[in-house]
Amino acid sequence: MLTLVEKILFALATVASLYFTYRGVMRIIGHISSGQGKPDWSLLWKRLGEIIIKVGLFQPVFRFRLVPSILHALIGWGFLSFLLINLADLIYAYTNFKLLENLGLFGDAYRLLADVANVAILVGMIAMVVRRFILRPKNLSTRETTLLHPKARSGILRDSAIVATFIIIHNTARLLGESFFIAETRVADRWQPFISTVAGLWSGVDANALLIGERVMFWLSIGAVVAFLPYFPYSKHIHIFFAPLIFALKT
């Protein structure tokens with residue numbers, strides 16, 4: 001789907017992204033290693049099953065604030081399902097081979113899961129944005145009497161805005177890109193009902209325009225991931241990875 005020049009540019013961008021991400025991760029590891037004591041890594045394997053259940057079902061989150069917890073879960077479950085989707089999109093971009101269309105019933109079921117997850121992520125994220133930036137409940141902000149550096153106070157909101165923007169761009173672009181592809185084939189995919197519905201909006205659009213749109217959406221979707229990765233080690237959302245480790249290693 002991508003041209004040769006685009007493939008080279010994307011590969012270079014990915015290498016640069018992974019390098020700066022590595023530097024950010026090593027910075028965190030350096031800070032942790034400077035502390036006293038050593039983690040007992042054997043606990044990780046002993047508690048692996050428990051951790052998978054806790055993380056997969058978002059058990060700790062659901063103990064408080066049911067509605068926001070459901071919204072968080074929609075986003076979290078959606079992103080877990082997108083691990084294979086993003087890989088399949090990369091394979092298609094470089095080889096023109098649609099992986100999930102060639103995996104039989106598993107691929108069909110996964111496309112349905114991804115289609116629903118795509119919409120669930122967007123619904124959950126937009127609702128969280130409205131809550132964070134418009135409704136602004138008091139429990140999402142720190143009291144003025146709390147000793148907090150001014151940069152940290154503004155940085156929390158900025159970080160939330162960056163992450164929300166990334167998620168919305170990534171998922172919207174993925175949905176539109178797949179809808180352009182389906183519009184090109186002129187055959188609705190019953191395993192992707194939401195995307196096929198959107199594809200109906202592009203009936204009659206020139207095939208070359210749809211292909212260009214598909215490429216643009218790929219750059220916005222997977223390109224957003226590449227652009228966001230180096231920032232992630234500096235984001236408060238790094239807890240996505242560290243929370244399971246804390247559960248596993250705490251004594």
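What percentage of the 251 residues of the protein chain count as buried? In this predicted model, the share of residues that count as buried is 36%. The protein chain has nine helices and zero strands, and the order of its elements from the N terminus on is accordingly written α-α-α-α-α-α-α-α-α. Taken along the principal axes, the box filled by the C-alpha atoms of the protein chain has dimensions of roughly 60 × 40 × 35 Å. Among the contacts in the protein chain with a separation of 6 or more, 75% are accounted for by residues 24 or more positions apart.

Two helix pairs are described here in turn. Two packed helices are described by the angle between their axes and the distance between the axes. For helix 1, which covers residues 4-33, and helix 8, which covers residues 207-228, the axes come within 10 Å and cross at roughly 15°. Because angles under 35 degrees count as roughly parallel, helix 1 is roughly parallel to helix 8. The crossing of helix 1 and helix 8 is right-handed. On the side of helix 1, the contact is made by Glu 6, Leu 9, Phe 10, Ala 13, Thr 14 and Ser 17, and on the side of helix 8 by Arg 215, Phe 218, Trp 219, Ile 222, Gly 223 and Val 226.

The axes of helix 5 and helix 6 are 10 Å apart, and the two helices pack at an angle of about 155°. Since angles over 145 degrees count as roughly antiparallel, helix 5 and helix 6 are roughly antiparallel to each other. The crossing in which helix 5 passes helix 6 is left-handed. From helix 5, the contact draws on Asn 118, Val 119, Ile 121, Leu 122, Met 125, Ile 126, Val 129, Arg 132 and Phe 133, and these residues meet Ile 156, Leu 157, Ser 160, Ala 161, Ala 164, Ile 167, Ile 168, Asn 171, Thr 172, Arg 174 and Leu 175 of helix 6.

One of the residues in the contact between helix 5 and helix 6 is Asn 118, whose place is in helix 5. Asn 118 has a relative accessible area of 0% and is therefore buried. A polar atom of the side chain of Asn 118 lies 3.1 Å from the backbone oxygen of Asn 171. When neighbours within four places in sequence are left aside, Asn 118 is in contact with Phe 82, Asn 171, Arg 174 and Leu 175. Among these partners, Asn 171, Arg 174 and Leu 175 are also listed for helix 6 in its contact with helix 5.

A further buried residue is Ser 196, found in helix 7, which spans residues 193-199. Ser 196 counts as buried because its relative accessibility is 15%, and the cut-off for this class is under 20%. The side chain of Ser 196 reaches the backbone oxygen of Asp 189 at a distance of 2.9 Å. With residues up to four places away in sequence not counted, Ser 196 touches Ile 182, Ala 188 and Asp 189.

The remaining residues described here lie in loops. The C-alpha atom of Glu 144 is separated by 52 Å from that of Gly 107, the two residues being 37 residues apart along the chain. Asn 96, in the loop between helix 4, residues 66-95, and helix 5, has a positive phi of about 65° although it is not a glycine. The relative accessibility of Asn 96 is 51%, so Asn 96 counts as exposed, the cut-off for this class being over 50%. A positive phi, near 60°, is also found in Arg 186, a residue other than glycine. Arg 186 belongs to the loop between helix 6 and helix 7, and with a relative accessible area of 59% Arg 186 is exposed.

Terms used: Residues numbered from 1 in each chain as written. Predicted model: local features only at pLDDT ≥ 70, side-chain atom pairs only at ≥ 80, totals over all residues. Heavy atoms only, no water. Axes fitted to C-alpha atoms, helices over the stretch in contact; angles between N-to-C directions. Helix = DSSP H or I, 4+ residues; strand = E, 2+ residues; numbered from the N terminus. Parallel < 35°, antiparallel > 145°, perpendicular 65-115°, else oblique. Left-handed = near helix turned anticlockwise from the far one by under 90°. Contact = heavy atoms within 4.5 Å. Buried < 20%, exposed > 50% of the residue type's maximum accessible area, 1.4 Å probe, protein only. Polar contact = N/O pair within 3.5 Å; in protein donor to acceptor, adjacent residues only side chain to side chain.
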